[in-house]
Amino acid sequence: LPEELFALPPGRIVGLTINPSFLNEIRLERLKTLGLTANAEYASLARILAELDYAEGVMRKLGCPVIDVTNRAVEETATKVLEIYYRRERHAK
């Protein structure tokens with residue numbers, strides 16, 4: 001990741017996470033749609049767990065709020081991000 005990311009104020013970053021099994025299902029469907037085999041490394045649970053573990057470490061280092069997007073629509077996630085942003089803006093004043 002670029003070092004500039006770690007120089008940003010924590011209030012400017014929101015982390016996203018997801019249930020590994022749910023992400024696995026999404027990726028398997030994506031592979032099927034693309035006409036690829038389901039045994040691709042991209043959809044392996046081991047890879048997903050490693051990616052989520054890495055992301056969790058980055059988010060912890062950044063000290064940013066984290067939203068679990070499992071079973072959330074994009075609009076719900078966007079609303080939650082805006083809530084976090086506006087809450088921090090109010091506290092900064």
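A salt bridge is a side-chain nitrogen of Lys or Arg within 4 Å of a carboxyl oxygen of Asp or Glu. The structure holds 5 salt bridges. The model is predicted, so local features need pLDDT of at least 70 and side-chain atom pairs count only at pLDDT 80 or more, whereas totals for chains, interfaces and linings use all residues. Residues are numbered from 1 along each chain as its sequence is written, and side-chain values use heavy atoms, with hydrogens and water left out.

**Terms for position and exposure**

- Helices (H or I, at least four residues) and strands (E, at least two) are DSSP runs, numbered from the N terminus.
- A residue is buried under 20% relative accessible area, exposed over 50%, and partly exposed in between (1.4 Å probe, protein chains only).

**Salt bridges**

- E51 forms a salt bridge with R27, and their closest N and O atoms are 2.7 Å apart.
- Because E51 belongs to helix α3 and R27 to helix α2, this pair ties together parts that are 24 residues apart in sequence.
- R27 is buried, at 10% relative accessible area, while E51 is partly exposed, at 28%.
- E51 also forms a salt bridge with R47, with 2.5 Å between the closest N and O atoms.
- R47 and E51 are 4 residues apart in helix α3, which means that about one helical turn separates them.
- R47 has a relative accessible area of 34% and is therefore partly exposed.
- A further salt bridge joins the side chains of R60 and E56, at 3.2 Å from N to O.
- R60 and E56 are likewise 4 residues apart in helix α3, so they are separated by about one helical turn.
- R60 is exposed, at 58% relative accessible area, and E56 is partly exposed, at 43%.
- Through shared partners, salt bridges join R27, R47 and E51 into one network.

- S44 is located in the loop between α2 (20-33) and α3 (45-62).
- With a relative accessibility of 19%, S44 counts as buried.
- A polar atom of the S44 side chain lies 3.1 Å from the backbone nitrogen of R47.

**Nonpolar cores**

- A nonpolar core is a set of buried Ala, Val, Leu, Ile, Met, Phe, Trp, Tyr and Cys residues joined through side-chain atoms within 4.5 Å.
- The largest such core has 7 residues, namely I18, L23, I48, L52, I67, V69 and I84.
- Apart from this core lies another, of 5 residues, including I13, V58, L62 and C64.
- Residues up to four places away in sequence being left out, L23 touches I18 and I48 (contact means heavy atoms within 4.5 Å).
- In soluble globular proteins, nonpolar side chains tend to be buried together.

**A nonpolar surface patch**

- Patches are made of residues with over 30% relative accessible area and no salt bridge; nonpolar side chains (Val, Leu, Ile, Met, Phe, Trp, Tyr) are joined within 5 Å, and like charges within 9 Å.
- L82, Y85 and Y86 form a nonpolar patch on the surface, with about 300 Å² of accessible area together.
- Accessible areas come from the Shrake-Rupley method with a 1.4 Å probe, and for residues only the protein chains shown count as cover.
- Y86 is found in helix α4 (residues 74-92) and is partly exposed, at 45% relative accessible area.

**A positive phi angle**

- N71 lies in the loop between β2 (66-68) and α4.
- The phi of N71 is near 60°, a positive value in a residue other than glycine.
- Most residues other than glycine have a negative phi.
- N71 counts as exposed, at 61% relative accessibility.

Terms used
Polar contact = N/O pair within 3.5 Å; in protein donor to acceptor, adjacent residues only side chain to side chain.
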